[in-house]
Structure formats: C-alpha cells, structure tokens
Amino acid sequence: MAGISQDWEPVVIRKKAPTAAARKDEKTVNAARRAGAEIETVRKATAGSNKAASSSTSLNTRKLDEDTENLSHQKVPTELKKAIMQARQDKKLTQSQLAQLINEKPQIIQEYESGKAIPNQQIISKLERALGVKLRGKK
C-alpha cells in the first residue's frame, strides 16, 4: 500500500454572487455604503412618472391618428338578405330549420337575414343548395 497518497489541496466553496435584484435591495445598498464601496445610481427614463414606455408618440401612431379613412367590414347586401328570407319562407322553413339543413348555427342565418353578417361565399353556396335558388351572380 505504498502507492496510495492523500490529496490535501484545500477545497474552497463559495456562495453564488448576488442576483441583480438582491444587489438593489435597500439592506445591501446600505451595507455597501457603510463599507465605503462605490454605489452607482441610474435614473430610468420614465421612472417616477405615470407614463408607459410605449405611450410616447412615434411616427406610426401619428400616421394612425392622422388617418381619416373610415374602414368597415363588408356587410350582406339588402338584395341578398331579402332573397334569403323570401326563399326560406317559400320553402316554409324557420331560421333554425334552415341552419340545421346547412349545418350552421341559427345565429348565422339570423345575421345574414338582418344584414349584420360578413358575407362568406361558402355559407352563401350552402344556402343556395338548401333553398334551391341562385343568390349571387346578378351584380
């Protein structure tokens, strides 16, 4: 057993360095002041004010504010909603029965007949097949 030797090198175990949040802690800052260490204070641009960083008027927001174009969704034309109502009543169907025929919710039929729906060509073609009338094409 003459070949075995002990390793007597010292092992140093250290604590992790404090995180950024821990370094900003009031207790830590006061301890550093007492020890005479330099303390850097940095004032953030919007610190202490009630303004959000994104609230400053940028070029894009100014363009949006100046834009006066009135945008809106395309609505169901009056002729189409009247044609749907007429064809449904000719077939003696209720809105919910028609909705069931085309596998849609009754609310969809209601929106189309009231003119509030955004026109969808797939739904219009389902309505054409279920009612047996041509609803589009004459424009």
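**View 1. Arg-88 and the residues it touches.** In this predicted model, Arg-88 touches Leu-93, Thr-94, Gln-95, Leu-98, Glu-113 and Leu-131, leaving aside residues up to four places away in sequence. To find Arg-88, look in helix 4, which covers residues 78-90. Is Arg-88 buried or exposed? Its relative accessibility is 9%, so Arg-88 counts as buried, the cut-off for buried being under 20%.

**View 2. A polar pair at Arg-88.** Here we stay with Arg-88 and turn to one of its partners, Leu-93. A polar atom of the Arg-88 side chain lies 2.9 Å from the backbone oxygen of Leu-93.

**View 3. Helix 4 beside helix 7.** Two packed helices are described by the angle between their axes and the distance between the axes. Helix 7 spans residues 121-131, and helix 4 packs with helix 7 at an angle of about 30°, the axes being 10 Å apart. How do these two helices run relative to each other? Helix 4 and helix 7 are roughly parallel, because angles under 35 degrees count as such. Their crossing is left-handed.

**View 4. The residues where helix 4 and helix 7 meet.** On the helix 4 side you will find Leu-80, Ile-84, Ala-87 and Arg-88. They meet Ile-124, Leu-127 and Leu-131 of helix 7.

View 5. Most residues other than glycine have a negative phi, and most peptide bonds are trans. Lys-92, which is not a glycine, has a positive phi, near 55°. Lys-92 sits in the loop between helix 4 and helix 5, the latter made of residues 95-101. With 72% relative accessibility, Lys-92 counts as exposed, because the cut-off for exposed is over 50%.

View 6. What is the phi of Asn-103? It is positive, about 60°, although Asn-103 is not a glycine. Asn-103 belongs to the loop between helix 5 and helix 6, where helix 6 covers 106-114. Asn-103 is exposed, its relative accessible area being 66%.

**View 7. Stepping back to the whole chain.** The chain holds seven helices and zero strands. Of its 139 residues, 17% count as buried. The accessible surface comes to about 12500 Å², and carbon and sulfur atoms account for 50% of that surface. Among contacts between residues at least 6 apart in sequence, 51% join residues at least 24 apart.

How values were computed: Residues numbered from 1 in each chain as written. Predicted model: local features only at pLDDT ≥ 70, side-chain atom pairs only at ≥ 80, totals over all residues. Heavy atoms only, no water. Helix = DSSP H or I, 4+ residues; strand = E, 2+ residues; numbered from the N terminus. Buried < 20%, exposed > 50% of the residue type's maximum accessible area, 1.4 Å probe, protein only. Contact = heavy atoms within 4.5 Å. Areas by Shrake-Rupley, 256 points an atom, 1.4 Å probe, with all protein chains shown as cover. Polar contact = N/O pair within 3.5 Å; in protein donor to acceptor, adjacent residues only side chain to side chain. Axes fitted to C-alpha atoms, helices over the stretch in contact; angles between N-to-C directions. Parallel < 35°, antiparallel > 145°, perpendicular 65-115°, else oblique. Left-handed = near helix turned anticlockwise from the far one by under 90°.
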